Amino acid sequence: MRKHPVLRLLLVCLLLVVCVGCDQAAKAIAKQTLSSSPPISLLQGIVQLQYAENPGAFLSLGAGLPARTRFLWGVVFIGLTQVVLLAYLFRSTSLSWSQKIGLSLFLGGGLGNLIDRIANDGHVIDFVSLGVGSLRTGIFNVADVAITAGVLLVLFAPGEDPVPSSPPAP
């Protein structure tokens, strides 16, 4: 039996719009303000803002591949998997709320980066790194945070919506 299908559909759509909107807005600001400036250090260097265009995937994986291969992988294959995931989210009746939210975050982040690849000749705009001293993360963006949060939520989410227990018989 389908539980709250309209509510779940609205939740998925809202998360996608918010995720993609925040990601694209942050990237536009980063491009406008950081692309022609040196890196900006915040919180005594723990947070560093610096503009980068990443032709690869997570941590620049695949950046050295030929442009055609990167396009097939980063736009065509990822685009198709995003469509399949979106259909799964809309049709699935067995996912818990937390799993739907996690997959929506994952999808929203993936769509944000996919938009970048299409609009920026196969590159994704990154602009944040974290670290202390020489120990730093790679440069990432809001979409990457959404993807990571979504994966963690799905991995640690309960498998089914909690079912309220019936009160004990009098």
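Lys27 and Asp23 sit four residues apart, about one turn, in helix H1 (residues 5–34). Helices here are DSSP runs of H or I with at least four residues, numbered from the N terminus. This is a predicted model, in which local features need pLDDT of at least 70 and side-chain atom pairs count only at pLDDT 80 or more, while totals for chains, interfaces and linings use all residues. Residues are numbered from 1 along each chain as its sequence is written, and side-chain values use heavy atoms, with hydrogens and water left out.

Start with charge. Side chains of opposite charge can pair when their charged atoms come close. A salt bridge means a side-chain nitrogen of Lys or Arg within 4 Å of a carboxyl oxygen of Asp or Glu. The whole structure holds two salt bridges. Lys27 pairs with Asp23 at 2.8 Å, N to O. Lys27 also pairs with Asp116, at 3.0 Å, N to O. Asp116 lies in helix H3 (residues 97–119) and Lys27 in helix H1, so this pair ties together parts that are 89 residues apart in sequence.

Now accessibility. Buried means under 20% relative accessible area, exposed over 50%, and partly exposed in between, with a 1.4 Å probe and protein chains only. Lys27 is buried at 1%. Asp116 is buried at 2%. Asp23 is buried too.

Helix H3 also carries Ser98. At 19% relative accessibility, Ser98 counts as buried. Leaving aside residues up to four places away in sequence, Ser98 touches Leu153, Ala157 and Pro158; contact means heavy atoms within 4.5 Å. Ser98 and Gly150 are 52 residues apart in sequence, with 9.3 Å between their C-alpha atoms.

Key:
Helix = DSSP H or I, 4+ residues; strand = E, 2+ residues; numbered from the N terminus.
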